[in-house]
Amino acid sequence: MRRAVVGIAFALMGTGCVAPSVDDTPAPVDRIEILSSPTPFTQVTAGHVSAIVPDGWEAHPAVGSGSRSGFLASPHPDRWRRMDGGVAGMSATWVDATRIGMPSDFYYLAATGPLLTGLTDSERCRAGPLRVFVDRRPDFTLTGPSHGDYVARGEGTCRVRGIRTQWAYFVAAPGYGPVHEVGIPASGLYVVVAVTPQGKRATALLDRLIRHTSFGGSSVGDLVAAAGGKLRAR
């Protein structure tokens with residue numbers, strides 16, 4: 001079970017491992033659409049995922065597993081994929097549960113366990129407050145639909161190679177709970193991660209990046225509201 005959960009986590013974050021799947025047919029890679037604006041931000045759309053990123057960041061489709069979709073963006077995309085907290089960037093991805101032969105309980109375990117340990121458990125990083133909007137633990141019978149779901153937002157700081165950064169993330173494992181009613185019907189897991197150099201405006205920037213991310217036309221705020229919570233303005 002743990003190996004399967006870690007497989008989902010690594011496949012989602014793009015480190016090269018692929019989660020087990022009942023459908024080995026490669027999924028088409030999302031085409032990146034860029035829309036500039038008079039603001040210092042660029043709109044990025046990749047399939048069902050839409051978000052804003054600071055001007056100058058380079059956006060690429062998420063790759064690594066046929067079940068994973070979305071995009072990553074960074075001034076240094078290759079370095080961002082290592083997810084060590086030392087480079088600015090953002091990723092917004094989701095996992096197509098219809099392509100993976102696992103009960104939804106595994107997504108709950110991934111969301112509450114190894115998904116973001118590169119940031120939350122690293123000796124170079126320090127986790128800050130964690131806001132859990134809903135935590136309905138599944139029964140783990142592994143038979144039939146699970147009504148467990150998990151939605152949370154975390155933040156923290158890192159110091160890597162002498163560089164100080166600040167990060168924030170949003171994660172949702174909708175299961176068959178209320179969060180499943182919004183967003184992308186096929187999704188078993190949503191993850192948004194953003195990192196920026198530490199500074200006075202870092203918190204506001206990270207908050208803006210996460211708030212302006214949407215999946216299937218539903219914003220992160222919509223997903224939180226479906227879980228019975230509300231994002232605080234920063």
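User: Before anything else, what is a salt bridge?
Analyst: A salt bridge is a side-chain nitrogen of Lys or Arg within 4 Å of a carboxyl oxygen of Asp or Glu. Note also that this is a predicted model.

User: How many salt bridges does a search of the whole structure find?
Analyst: The search finds five.

User: Which residues are linked in a network of salt bridges?
Analyst: Arg153, Glu155, Asp207 and Arg211 are linked that way. Arg153 pairs with Glu155, with the closest N and O atoms 3.1 Å apart. Arg153 also pairs with Asp207, where the closest N and O atoms are 3.9 Å apart. Asp207 lies in helix H5 (residues 202-211) and Arg153 in strand E8 (residues 149-160), so this pair ties together parts that are 54 residues apart in sequence.

User: And how does Arg211 come in?
Analyst: Through Asp207: those two form a salt bridge whose closest N and O atoms are 2.8 Å apart. Asp207 and Arg211 are separated by about one helical turn, because they are four residues apart in helix H5.

User: Is Arg153 buried or exposed?
Analyst: Arg153 is buried, at a relative accessible area of 6%.

User: What about Asp207 and Arg211?
Analyst: Asp207 is buried, with a relative accessible area of 7%. Arg211 has 29% relative accessibility, so Arg211 counts as partly exposed. The cut-off for buried is under 20%.

User: OK, zoom out. How many helices and strands does the protein have?
Analyst: There are six helices and twelve strands.

User: What share of the 234 residues is buried?
Analyst: Buried residues make up 51% of them. As for the surface, the protein exposes about 10,800 Å², and carbon and sulfur atoms supply 52% of that area.

User: Which residues touch the most other members of the largest nonpolar core?
Analyst: They are Phe71, Met90, Val151, Phe170, Val192, Leu209 and Phe215, in a core of 36 residues. There is another core apart from that one, with 25 residues, among them Tyr107, Val160, Trp167 and Val171.

User: What is Phe215 in contact with, leaving aside its neighbours within four places in sequence?
Analyst: The contacts of Phe215 include His48, Val49, Trp94, Ile184, Val192 and Leu223.

User: New topic: strands. Which strand does E2 form a hairpin with, with five residues between them?
Analyst: That is E1. E1 (residues 32-35) and E2 (residues 41-46) pair in the antiparallel sense over four bridges. In this pairing, Ile32 stands opposite Ala46.

User: What does E2 do with E3?
Analyst: E2 and E3 (residues 49-54) also pair in the antiparallel sense, over six bridges. The bridge partner of Thr42 is Val53 in E3. E2 and E3 form a hairpin with two residues between them, and Gly47 in the turn has a positive phi of about 65 degrees.

User: Is Ser74 buried or exposed?
Analyst: Ser74 is buried, with a relative accessible area of 0%. The residue is found in strand E5 (residues 68-74). A polar atom of the Ser74 side chain lies 2.9 Å from the backbone nitrogen of His76. Leaving aside neighbours within four places in sequence, Ser74 is in contact with residues including Trp57, Glu58 and Trp80.

Definitions and conventions
Residues are numbered from 1 along each chain as its sequence is written. This is a predicted model: local features need pLDDT of at least 70, side-chain atom pairs count only at pLDDT 80 or more; totals for chains, interfaces and linings use all residues. Side-chain values use heavy atoms; hydrogens and water are left out. Two strands pair if DSSP finds at least two bridges between them. Buried means under 20% relative accessible area, exposed over 50%, partly exposed in between (1.4 Å probe, protein chains only). Accessible areas come from the Shrake-Rupley method with a 1.4 Å probe; for residues, only the protein chains shown count as cover. A nonpolar core is a set of buried Ala, Val, Leu, Ile, Met, Phe, Trp, Tyr and Cys residues joined through side-chain atoms within 4.5 Å. Contact means heavy atoms within 4.5 Å. A polar contact is a pair of N or O atoms within 3.5 Å; within protein, one must be able to donate a hydrogen and the other to accept it, and residues adjacent in sequence count only if both atoms are side-chain atoms.
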